Amino acid sequence: EPEPEPEPEPEPEPEPEPPALTGSAYVGGHMSVGATPGPVSGGGSFGIELRYRALRLAIGVRGDVPRSTDFHNGSVSAHTFGGEISACGHWSALFACATGVIGATRAQGSGFESNDVAYLVYTALGLRLGTEFMLSGPVALRAQLDFLTQPTPATLTVSDQEVWSMAPFSVNVGLGVVVHLE
């Protein structure tokens, strides 16, 4: 008598595809060279992001803490703050972005005949390169490097004398936390 054919094994269920459109929120810190007086400044940023497959659009707010440097018989301090937008492409854990920032630089001279405070337009355009490492669940660690150019570098003039001018280029190194929302 022929043996009965074994029952076919059930096919495994396919893994669900991730949603095509996802969101995330981020918060982070950065170190900057060229954005304020003095050799290095620090600051932070936070924002929200929308991602469609390998493309990401982010909007956020960023700022630097005030930094100062001596100038003749006085000192100059400045910090930047503003909004930023980035359009990014992702490849595995790596990403590259076109980034733009618009905001203000608050600059002040101290110890001069006139201790002026000026709010100067701050704009920057550039490239962001980075990576993300998933930590636990929806939480990831993000490291990034920004190369920015300031098309209209801010200049502070006190008593008709130029006391500080922003560098035309800046570099930012950032580290932050991202929470992916689905």
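**Cavities, salt bridges and a disulfide**

Author: The lining of the largest cavity receives at least two residues from each of strand E1 (21–33), strand E2 (41–52), strand E3 (55–64), strand E5 (74–91), strand E8 (139–149) and strand E11 (169–181). Strands (E, at least two residues) and helices (H or I, at least four) are DSSP runs, numbered from the N terminus. The model is predicted, with local features requiring pLDDT of at least 70 and side-chain atom pairs pLDDT 80 or more, while totals for chains, interfaces and linings use all residues. Residues are numbered from 1 along each chain as its sequence is written, and side-chain values use heavy atoms, without hydrogens and water.

Reader: What makes a space a cavity and not a pocket?

Author: On a 1 Å grid over the protein atoms alone, a cavity is a set of points where a 1.4 Å probe fits but cannot get out, whereas a pocket is an open set with protein on both sides within 12 Å along at least five of seven lines. A residue belongs to the lining if it has an atom within 4 Å of a point. Grid points are joined across faces, edges and corners, and the volume is the space filled by probe spheres set on the points. The structure holds three cavities of 30 Å³ or more.

Reader: Which residues line the largest cavity, and how do they divide by class?

Author: Its lining has 23 residues, with Tyr26, Ser45, Arg128, Arg142 and Gln144 nearest the centre. Strand E11 contributes the most, seven residues. Ala, Val, Leu, Ile, Met, Phe, Trp, Tyr, Cys and Pro count as nonpolar, Asp, Glu, Lys and Arg as charged, and the others, Gly among them, as polar. By that scheme the lining of the largest cavity comprises seven nonpolar, nine polar and seven charged residues.

Reader: Which residues lie nearest the centre of the second largest cavity?

Author: They are Ala35, Arg62, Asp64, Thr80 and Tyr122, from a lining of 13 residues. E3, E5 and E11 are the elements that give two or more residues to the lining of the second largest cavity. That lining consists of five nonpolar, six polar and two charged residues.

Reader: Why is the contact of Arg62 and Asp146 called a salt bridge?

Author: A salt bridge requires a side-chain nitrogen of Lys or Arg within 4 Å of a carboxyl oxygen of Asp or Glu. The closest N and O atoms of Arg62 and Asp146 are 3.8 Å apart, so the pair meets the criterion. Arg62 is in strand E3 and Asp146 in strand E8, so the bridge ties together parts that are 84 residues apart in sequence. The whole structure contains seven salt bridges.

Reader: How do you know whether Arg62 and Asp146 are buried or exposed?

Author: Buried means under 20% relative accessible area and exposed over 50%, with partly exposed in between (1.4 Å probe, protein chains only). Arg62 has 10% relative accessibility and therefore counts as buried; Asp146, at 2%, is likewise buried.

Reader: What links Glu132 to Arg142?

Author: Glu132 and Arg142 form a salt bridge, their closest N and O atoms being 2.4 Å apart. Glu132 belongs to strand E7 and Arg142 to strand E8, ten residues apart. Both Glu132 and Arg142 are buried. A network of salt bridges links Glu49, Arg56, Glu132 and Arg142. A further salt bridge joins the side chains of Glu84 and Arg128 (3.2 Å, N to O); Glu84 is in strand E5 and Arg128 in strand E7 (residues 117–136), 44 residues apart.

Reader: Why is the link of Cys88 and Cys97 called a disulfide?

Author: A disulfide is a pair of cysteine sulfur atoms within 2.5 Å. A search of the whole structure finds one disulfide. The link of Cys88 and Cys97 is right-handed, with 100° about the S-S bond. Cys88 is buried at a relative accessible area of 5%, and Cys97 is buried at 3%.
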